[in-house]
Amino acid sequence: QVLLVESGGGSVQAGGSLRLSCAASRNDFIINTMAWYRQAPGKQRVLVATITSGGSTTYADSVKGRFTISRDNAGNTVYLQMESLKPEDTAVYYCAANGRRAGVMITRDYWGRGTQVTVSS
């Protein structure tokens, strides 16, 4: 199975920046869309940003203009550059990917275990 490992979380003051990374631990998988979700305390998990294999991106309205999603050339690592962080950005951030193992036609969704981002006033 694909293992997605997030890193780069931490605690910053409002207005600061963080860069999250998510890497697939296997090199025999073809990954299509990758995404970042987040879940704040007491709230539902919501979509933050997505990026396709072709480089098309989408963003939640709450992060537009502040967050940038990108991925490496191999397509197995996704990044989330977060700028001008606000306390309301505090959440556990989860990496997700849709893909398939080489030679397999059917794709499925994979999830990382999350990384904590805390933004203080």
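This is a predicted model: local features need pLDDT of at least 70, side-chain atom pairs count only at pLDDT 80 or more; totals for chains, interfaces and linings use all residues.

Reader: OK, so is tyrosine 37 buried, exposed or partly exposed?

Author: Tyrosine 37 has 23% relative accessibility, so it counts as partly exposed.

Reader: And how many aromatic pairs are there?

Author: The count comes to 2 aromatic pairs. One of them is phenylalanine 29 with tyrosine 110, an edge-to-face pair with 6.1 Å centre to centre and 80° between the planes.

Reader: What about the pair with tyrosine 37, what's its geometry?

Author: Tyrosine 37 pairs with tryptophan 111, and that pair is tilted: 4.8 Å centre to centre, with 50° between the planes. This pair also links distant parts of the chain, since tyrosine 37 is in strand β4 and tryptophan 111 is in strand β10, 74 residues apart. Tryptophan 111 has a relative accessible area of 38%, so it is partly exposed.

Reader: Which arginine lies over the face of tryptophan 111?

Author: Arginine 45, at 5.0 Å from the ring centre. There's also arginine 19, which lies over the face of tyrosine 79 at 4.1 Å from the ring centre.

Reader: What stands opposite arginine 19 in β8?

Author: Glutamine 81 does. Strand β8 (residues 77–82) is joined to β3 by 6 bridges, and the two run antiparallel.

Reader: What's the strand order in the sheet with β3 and β8?

Author: The order is β1-β3-β8-β7, an open sheet of 4 strands with antiparallel pairing.

Reader: Which are the edge strands?

Author: β1 (4–7) and β7 (67–71), each of which pairs on one side only. On average, neighbouring strands of this sheet are turned by 15° against each other, ignoring direction.

Reader: Switching to sulfurs. How many disulfides does a search of the whole structure find?

Author: It finds 1 disulfide, formed by cysteine 22 and cysteine 95 with their sulfur atoms 2.0 Å apart.

Reader: Is it left-handed or right-handed?

Author: Left-handed, because the torsion about the S-S bond of cysteine 22 and cysteine 95 is about -80°.

Reader: Last topic, arginine 66. Where does it lie?

Author: Arginine 66 is in the loop between β6 (57–59) and β7.

Reader: A loop arginine, then. Is arginine 66 buried or exposed?

Author: Arginine 66 counts as buried, because its relative accessibility is 10%, which falls under the 20% cut-off.

Reader: What does the side chain of arginine 66 reach?

Author: The backbone oxygen of serine 62, at 2.9 Å.

Notes
Residues are numbered from 1 along each chain as its sequence is written. Side-chain values use heavy atoms; hydrogens and water are left out. Rings of Phe, Tyr and Trp (its six-membered ring) pair if their centres lie within 6.5 Å; planes under 30 degrees apart count as stacked, over 60 as edge-to-face and the rest as tilted. Buried means under 20% relative accessible area, exposed over 50%, partly exposed in between (1.4 Å probe, protein chains only). A charge sits over a ring if NZ of Lys or CZ of Arg is within 6 Å of the ring centre and within 35 degrees of the ring normal. A disulfide is a pair of cysteine sulfur atoms within 2.5 Å. Two strands pair if DSSP finds at least two bridges between them. Axes are lines fitted to C-alpha atoms, for helices over the stretch in contact, and angles run from 0 to 180 degrees between N-to-C directions. A polar contact is a pair of N or O atoms within 3.5 Å; within protein, one must be able to donate a hydrogen and the other to accept it, and residues adjacent in sequence count only if both atoms are side-chain atoms.
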